Structures are given as C-alpha cells and as structure tokens.
Amino acid sequence: MREKIDALTQNLNRTIVGKTEAIRLVLVALLGGGHALLEDVPGVGKTLLAKSLARSLDGTFQRLQCTPDLLPTDITGTNIWNPKSGEFSFMPGPVFANVVLADEINRATPRTQSALLEVMEEQQVTVDGVSRLVPHPFFVIATQNPVEYQGTFPLPEAQMDRFMLSLSLGYPGVDEELEMLQNLQHGIKVGDLQPCLTLAEVAELREICSQIKVETVLQQYILELVRSTRQDEEITLGVSPRGTVALHKATQALAFLLGRDYAIPDDVKFLAPHVLCHRLIARGGRSARSIVDRLLRSLPIP
C-alpha cells in the first residue's frame, strides 16, 4: 500500500508542478473519507489537480461546471417519462460517480448547492421520495474563486462544513513556473495519466487510516482546540462536532501518508488551519487563519 501511495503521488506530480503540500492535503481528504475544497485565484491549477486525481483512480469521474442556471436535478438526476414502458425511469445525475469535480461551485445558486448536502454527508440521493446510494468510495473535490464576486453565491455554512478541509495552491515559484513552461513541449497531459489505484485499494487505505493510533491526550488536544473556537470572542460561529471528527480523521490520514502508524501533535497543528478555518465565522472581518494560529499558540502541546 505504501508503494501504491507513492505511485499515486508521483502520478499527480507529473502534471502538478511544485505543489507537494497541496497534493498531500487532497490525499488526506481522500483517505480520510471526506471531501476537499480548493480556494484560489483562476489559473493556478485547481481544476488540473482535481482532474489528475480522478484520472489516477480506477473509477468513474464526472464534472459539474457550476453556473447560475444549473438546477438541482442537473446534479442529482430526475425521473423521465418513458412512453415505451408507460412509466417513469430514473436518469442518474453526475453525482453518481466515484470522483465528482464541482468546478466553481460558488457560481451555482443556493438552491442548487443544497442538492449536494445530502450526498456529501450520507452518500445517497433522494429523488421523488426514493433514496439511492451513490458509488463507493465517493469523493467530491470542489473549486471556487475567492476574489471574484460577479455572478457568485457564497457557500452556506452547512455546505462548507461538509468539506473535510480547504486548501489554496498559491502562485508557483520562479523555477516551478519555468518547469511548467518547459513541460508544454515535453510534459505529460492529464489525458495521458494511467490509473494507479483501484477502488478496492482506496477502500482498504481508508480502513488502514482509520486504525492509525491517536492517543487520548492528543484527542483531548483536538477537542480543546475545537471547543476554544466556540468560546473565542472574535468568533461568531465556532466549529461544529463534525469538524472535530474531520480533524481527527484527517490527522490519522496524514500520519499514514507520512509513514507512521500513530499521530503526533505536529499533525494536528499542520492540519488545523485547513480543517477549521472554513468552518468558523470571524467577527468584524477578522482573518480566520490568524485566529486559528493564535489558538494553536495559546494551547499547551501534549
């Protein structure tokens, strides 16, 4: 399994230049059984990373290009009248896939965004009173542009809370951008990537990650960190219990990716900004990242 993880990482590095940390975070969300939100300016490789991951897994992939005229049934699917059989038949939507890319998710209306709430949490879709399970494993990776507000709709707190973590790719360095230009002539394209991880192996890796040892004192540290967001005067809305579970699972997945069968406080400190910041609402336009960093500094490390 360690070789499989290394092969997957190498596969992603073939198209995504110099983004080792971002790749690791996406894999943490995948192996932790959660979903990932990529927030960054246009053109830094958010969609490329999502598509590369989908190509690297031997499963089904669907892409949602979110627009204001997208309807909930365009996501979940709908019942269509079949004149030959004289009855309705269900036409599944793009969420019936192993990897779903919701590109520019904040361009969809709140009504359409809500169509993802059930499937992201319960991995099922209910249409006309009938619930249908989506394929397993199920992984949503969404992108959004945080600086452009023309024709966008902020994601509600319930939607943000369903993402295990959020991350930003950032601009590449000089050497990385030069390598990107050189790859235009000789580099590999997303369509050339070959699957290196089966769905059964993803399920097995998730099970392995769930067995990573997290000592009680470290669990208490996670709990104190999360509960401090609910009591801080600079925070209007603190992190939910779902966020506590997400931080715990992400810590286990990161420890596994780093080659350990146990978690350490540094795992929690590295992941906390990515798992907690998008779940809380700061007062007075304050930076959620700076608040989480302050809380990390104030708590004693076990």
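Let me begin with one side chain, Arg-294, which at a relative accessible area of 30% is partly exposed; here buried means under 20% relative accessible area, exposed over 50%, and partly exposed in between, with a 1.4 Å probe and protein chains only. What we have is a predicted model, in which local features need pLDDT of at least 70 and side-chain atom pairs count only at pLDDT 80 or more, while totals for chains, interfaces and linings use all residues. Residues are numbered from 1 along each chain as its sequence is written, and side-chain values use heavy atoms, with hydrogens and water left out.

Arg-294 meets the side chain of Glu-234 in a salt bridge, at 3.3 Å from N to O, the term meaning a side-chain nitrogen of Lys or Arg within 4 Å of a carboxyl oxygen of Asp or Glu. This pair links distant parts of the chain, 60 residues apart, with Glu-234 in the loop between helix H10 (216-231) and strand E12 (235-237) and Arg-294 in helix H13 (residues 288-298); helices (H or I, at least four residues) and strands (E, at least two) are DSSP runs, numbered from the N terminus. Glu-234 counts as partly exposed, at 27% relative accessibility.

The structure holds eleven salt bridges, and another of them joins Glu-121 to Arg-242, at 3.1 Å from N to O. Because Glu-121 lies in helix H6 (residues 115-122) and Arg-242 in helix H11 (residues 241-257), the pair ties together parts that are 121 residues apart in sequence. Glu-121 is partly exposed at 40% relative accessibility, and Arg-242 is partly exposed at 29%.

How, then, does the pair of Arg-279 and Asp-161 sit, buried or exposed? Both residues are buried, and their side chains meet in a salt bridge at 2.6 Å, N to O. Glu-121, Asp-161, Arg-242 and Arg-279 are linked in a network of salt bridges.

Let me turn to helix H1 (residues 2-13), whose twelve residues reach 17 Å from first C-alpha to last, close to the 16 Å expected at 1.5 Å a residue, where the expected span is 1.5 Å times one less than the number of residues. Ile-5, Leu-8, Asn-11 and Leu-12 of H1 are buried, and they lie on the same side of H1 because they cover an arc of only 120 degrees around the axis, the arc being that of the directions from the helix axis to the C-beta atoms. On the other side of H1, Glu-3 and Gln-10 are exposed.
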